[in-house]
Amino acid sequence: MAEPAARADILTEALSHSLKTAQDQVNSLVLGKAHEVRLAFVALLAGGHVLIEDLPGLGKTTLAHALAATLGLAFQRLQFTSDLLPSDIVGVSVYDAAARQFEFHPGPVFAQVLLADEINRAPPRTQSALLEAMAERQVSVDGTTHALPEPFFVIATQNPLDLAGTYPLPDSQLDRFLLRLSLGYPDREAERALLSGRDRRDLIARALPVLGPDEVLRLREAVQRVHASEALIDYVQALIARSRHHGGVRVGLSPRAGIALLRAARAHALVLGRAHVVPEDVQALFAAVAAHRIVPEGDGGDAAGLAKAILHAVAVD
C-alpha cells in the first residue's frame with residue numbers, strides 16, 4: 001500500500017514536542033508499559049474511552065493519575081459498588097430553602113479524567129448512567145441538561161477473574177469503549193525499579209503538567225486532519241468484512257466499529273508524529289478496538305484470538 005504524498009505539518013513544533021514530553025513523563029511514572037501508555041494517549045486524543053481488564057495492583061490507578069497530572073486535567077476516582085446509585089455518579093438537585101429553588105450538586109462524573117474502578121460491581125442501571133454520559137458528553141437531572149467538561153475521558157476497570165457478585169457489561173455497552181486493554185505484570189527490570197524506587201503516588205504528586213486542557217483539545221482537532229488514503233480505508237473495510245464471515249465469529253464488527261478503528265488509527269499516527277495513517281497503525285490497534293466488539297460462537301470463546309486471526313487473514317494490498 002503506497003504512502004500518500006507528504007503533507008503540511010498539522011501540529012506546531014512546540015505542541016508536537018509537548019506531546020512527546022507528556023508521553024515520556026507518563027512512561028517515567030508507569031514503568032515498562034510504553035505500548036499501553038501509547039494506547040491510553042490514542043484513546044484520549046481520539047475522543048474515546050478505555051476499559052482496562054486486569055488484576056489488582058498492576059498500575060491501572062497509577063496510569064489514570066499519571067495521565068491526569070501530566071495533562072493538567074481534573075481527576076476523580078469513583079469506586080463502583082453494588083449499592084452505588086446513578087445519582088452518586090451524575091449528581092443530584094438539592095432544595096435550597098433560602099433561595100427557594102433547587103440547586104444542582106454535580107457528581108464525580110464532572111471531571112476531565114474519571115477513573116471508574118471495578119465498573120462491573122455496580123448494577124446495570126448505575127453502569128448505564130455512566131455509559132450514557134460517556135456517549136452524550138452530558139447528563140440530564142430533573143429535566144435539566146448539564147454539559148460535561150472538555151476534554152472528558154473515562155478509564156474504567158474490571159477484574160477478569162473475581163466475578164462473584166458482578167454485573168458484566170453487555171455487548172452494547174462494551175461498544176462504548178474505544179479500546180479495551182490489559183497492563184499485565186511488569187518485566188523484571190521495571191519491577192525492580194518499582195521495588196527499589198520512590199512511591200509512585202509521591203512522584204505523581206510532584207509531577208508538573210506538560211500540557212493543558214486547551215492543548216489536548218487542539219490535539220483532538222489535529223487528529224481529525226490526519227490523512228487516511230482510500231487504500232487505507234479499503235484495508236479497514238476488508239478487516240470489518242472479514243470479521244463478519246470468519247470462522248468462530250457469531251457477530252462481527254459493525255460500521256461504528258470501523259469508524260472507531262479509523263479514528264484510533266489517526267490518533268495513533270499523530271502520537272507517533274505522522275500526518276498520515278499507515279497499515280501498521282491499524283494493525284497495532286486492531287485487537288484493542290475489535291476484541292470486545294466481536295461475539296464468538298459457543299460459550300464465550302477467545303475474542304482476542306479471533307481478532308488476531310482476522311488481522312492475519314487480511315492481506316495489505
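In this predicted model, the buried residues of helix α12 are P279, D281, V282, L285, F286, A288, V289 and A290. These residues pack against α2 (34–45), β9 (179–181), α10 (230–243), α11 (255–271) and α13 (303–313). Helix α12 itself runs over residues 279–290, a length of 12 residues. From its first C-alpha to its last it reaches 16 Å, close to the 16 Å expected at 1.5 Å a residue. An α-helix has 3.6 residues a turn, so residues three or four places apart point the same way.

One of the packing partners of α12, helix α10, can be described in detail. The two helices pack at an angle of about 25 degrees, with their axes 10 Å apart. Because angles under 35 degrees count as roughly parallel, α10 and α12 are roughly parallel to each other. The crossing in which α10 passes α12 is right-handed. On the α10 side the residues involved are L232, Y235, V236 and L239, and they meet P279, V282, Q283 and F286 in α12. By class, this contact of α10 with α12 has seven nonpolar residues, one polar residue and no charged residues.

The crossing of α1 and α3 is right-handed. Here A22, Q25, V26 and L29 of α1 meet T62, L63, A66, L67, T70 and L71 of α3. The contact of α1 with α3 comprises, by class, seven nonpolar, three polar and no charged residues.

The packing geometry of the two pairs is set out below.

| Helix pair | Angle | Axis separation |
|---|---|---|
| α10 and α12 | about 25 degrees | 10 Å |

Q173 is found in helix α6 (residues 171–174). Its relative accessibility is 14%, and because buried means under 20% relative accessible area, Q173 counts as buried. Not counting residues up to four places away in sequence, Q173 touches Q127, S128 and L131.

P106 lies in strand β4 (residues 101–106). With a relative accessible area of 52%, P106 is exposed, since the cut-off for that class is over 50%. Leaving aside neighbours within four places in sequence, P106 is in contact with V90 and G91. P106 and S87 are 19 residues apart in sequence, and their C-alpha atoms are 9.1 Å apart in space.

Technical notes. Residues numbered from 1 in each chain as written. Predicted model: local features only at pLDDT ≥ 70, side-chain atom pairs only at ≥ 80, totals over all residues. Heavy atoms only, no water. Helix = DSSP H or I, 4+ residues; strand = E, 2+ residues; numbered from the N terminus. Expected span 1.5 Å × (residues − 1). Buried < 20%, exposed > 50% of the residue type's maximum accessible area, 1.4 Å probe, protein only. Contact = heavy atoms within 4.5 Å. Axes fitted to C-alpha atoms, helices over the stretch in contact; angles between N-to-C directions. Parallel < 35°, antiparallel > 145°, perpendicular 65-115°, else oblique. Left-handed = near helix turned anticlockwise from the far one by under 90°. Nonpolar A, V, L, I, M, F, W, Y, C, P; charged D, E, K, R; others polar.
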